Amino acid sequence: MTELQKLCDKVPSFPDDIAMTLLEEELGRPWSEIYSELSPSPIAAASLGQVYKGRLKENGDLVAVKVQRPFVLETVTIDLFIIRNLGLVLRRFPQVSIDVVGLVDEWAARFFEELDYVNEGENGTRFAEMMKRDLPQVVVPKTYNKYTSRKVLTTQWIDGEKLSQSTEDDVGSLVSVGVICYLKQLLDTGFFHADPHPGNMIRTPDGKLAILDFGLVTKLTDDQKYGMIEAIAHLIHRDYDAIVKDFVKLGFIPEGVNLDPILPVLAKVFDQALEGGGAKNINFQELAADLAQITFDYPFRIPPYFALIIRAIGVLEGIALVGDPEFAIVDEAYPYIAQRLLTDESPRLRSALRYTIYGKSGVFNAERFIDVMQAFENFIRAAKSGGGEDLKGSMAELADIGTQQSTSLVPAFPMTISQPEQPIKARAALAFLLSERGDFFREFILDEIVKAIDAISREQLIQIAASFGVGNATPVFSMAPVRARALLPTITEEDRVILNNVEKVVKFLTAGNLSNPTIDGVCILNCQHSAFRKLKVYLTFFFCQCQDVNVVYLVQELLPVLPGISSKILPDVLSRLSSRVFARLIREAFL
């Protein structure tokens, strides 16, 4: 492995005179007419080509000039031809489950693309366009198309050091940016840079992440992207029946194969991988190795497109482990996946989000809900790193959804509210839930809140009735078709579970540290405006059964998002609550 690492940038160079001759042939004129200066020897040499540092005559820009090795295309073509023919022979042996021909075809197609530097330049330009809005802290060198051909590539020169060798304090943050960047490619754009070796990931002097060398890329379909996210959701719940079906969709298992013998084997592999911390602590490379082992005994194969992904993610994980031995790629990936589930409006991902929260049982899981929201907030923190917040990256700005300040701190209330010295800002999870993009996810918690209010209301009525001795009252109208005791509400174990769930979620959404806001110099706690009084009374009533809930603090925390609550939450809650109570009374009284 140590020797193979040298292929990245420490391969012996080929003669400079041959390189200059090739450069002139490819660009159609002497190099001195294009570049005012060019380093006398290569700055770096890799297995396919070598790089010179130069300066363009026309504008003085510093550039990197990559020149392809002579006869590399012919040499590799012969190698691939021999390996592919060997694969055709191996197809005669059913016990060999690896599709060598398919694998070689996938690699060969990507490899021939990698040898076309025009294609590489176009890939880099396309990649930069995909990243500049969401992740402006990711830098891609500009391609100078006028001075690029199939065997010569001229790009912007970028100073920096290998991310894997940097000792700067922000390396961990840049690794997080790199993980988001690669997950965005894998699960969003479908345009995947499949060659993230240490020589291609650079920390720039201003603390950005530069990604180089776009010769080797792979493209994924929507089915493949969505299928991977669905498989992760099923993995979180250890729903191995569903995972096996996911593997069929993703091409790991051929259509029509009997899944019964494979299911227990996959279940054992994933159970071992999930030990000691669940899905977040899975070692990706070990899991990939275990899955590869299954291919020898069962009709299970690693699809050619996924071989490139395994390689890329494995290398990315290896780079991160150099600086952080505790790094876990799946743990780092979960925040991006949570963000994708929360913000993507495709029906398949909406279904995957619902499954993540409710599982197979269809019962709301507060821990999962909180887990997704925490991961979303972790994603925002990661997206802000490496300069993402200062550069106004759209992913970093997800933190500001629903919390933008207008001329008044709370537009729905009188303008007498003064602006605090330190603007109050609700936590990102709560702001997201109250935003338009949070509509779908908000439905989950609204259903539980309505059930909880109904349950608390019934418990309060039971206590009031008991104090008056109503619980054992004799029916006045014994002939009426209504059970008298049915009019007295009951509290079930399910109600208590719902109350517990809502208490957990609200405590999470209202956690934080804030200073007291004021209205004309008076603390909000003493505010007598009817809207604030009603909110305080309502919350005091709602949390009367919850321990350790500071209602005054809760009002304070909810202040920045009161317009969202008043316009989006309360009308919906009241409508659902009235329908639920009416239906329950009819059901209990007359059935």
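Q: Which residues of α4 are buried?

A: Please note at the outset that this is a predicted model. A residue counts as buried when its relative accessible area is under 20%. In α4 the buried residues are Val100, Val101, Gly102, Val104, Glu106, Ala108, Arg110, Phe111 and Glu114. The elements that cover them include α3 (72–90), α5 (117–131), β11 (217–219) and α11 (304–323).

Q: What distance does helix α4 reach from its first C-alpha to its last?

A: Helix α4 (residues 100–114) has 15 residues and reaches 20 Å, close to the 21 Å expected at 1.5 Å a residue.

Q: How many residues has the largest nonpolar core, and which residues have the most contacts inside it?

A: In soluble globular proteins, nonpolar side chains tend to be buried together. Here the largest nonpolar core has 107 residues, and Phe369 and Phe441 have the most contacts inside it. Leaving aside residues up to four places away in sequence, Phe441 touches Leu342, Leu353, Ile357, Phe369, Val372, Met373 and Leu433. There is also a second, separate core of 17 residues, with Phe14, Met20, Leu38 and Tyr144 among them.

Q: What is the order of the strands in the open sheet of four strands?

A: Strands of a sheet pair through backbone hydrogen bonds, either parallel or antiparallel. The order in this open sheet is β5-β10-β9-β7, and the pairing is mixed. Its edge strands, β5 (138–139) and β7 (161–162), each pair on one side only. Two bridges join β7 to β9 (residues 201–203) in the antiparallel sense, and Glu161 stands opposite Arg203 in β9.

Q: Which strands does helix α6 lie across?

A: Helix α6 (residues 171–189) lies across β5, β9 and β10 (209–211), and runs at about 45° to β10.

Q: Is Ser39, in the loop between β1 and β2, buried or exposed?

A: Ser39 has a relative accessible area of 16%, and is therefore buried. Its loop lies between β1 (35–38) and β2 (44–45). The side chain of Ser39 reaches the backbone oxygen of Ser41 at 3.0 Å. Not counting residues up to four places away in sequence, Ser39 touches Tyr52 and Lys53.

Q: How many helices and strands does the chain have, and what percentage of its residues count as buried?

A: The chain has 20 helices and 13 strands. Of its 591 residues, 49% count as buried. Among contacts with a separation of 6 or more, 71% are between residues 24 or more positions apart.

Note on methods:
Residues are numbered from 1 along each chain as its sequence is written. This is a predicted model: local features need pLDDT of at least 70, side-chain atom pairs count only at pLDDT 80 or more; totals for chains, interfaces and linings use all residues. Side-chain values use heavy atoms; hydrogens and water are left out. Two strands pair if DSSP finds at least two bridges between them. Contact means heavy atoms within 4.5 Å. Axes are lines fitted to C-alpha atoms, for helices over the stretch in contact, and angles run from 0 to 180 degrees between N-to-C directions. Buried means under 20% relative accessible area, exposed over 50%, partly exposed in between (1.4 Å probe, protein chains only). A polar contact is a pair of N or O atoms within 3.5 Å; within protein, one must be able to donate a hydrogen and the other to accept it, and residues adjacent in sequence count only if both atoms are side-chain atoms. A nonpolar core is a set of buried Ala, Val, Leu, Ile, Met, Phe, Trp, Tyr and Cys residues joined through side-chain atoms within 4.5 Å. The expected span of a helix is 1.5 Å times one less than its number of residues.
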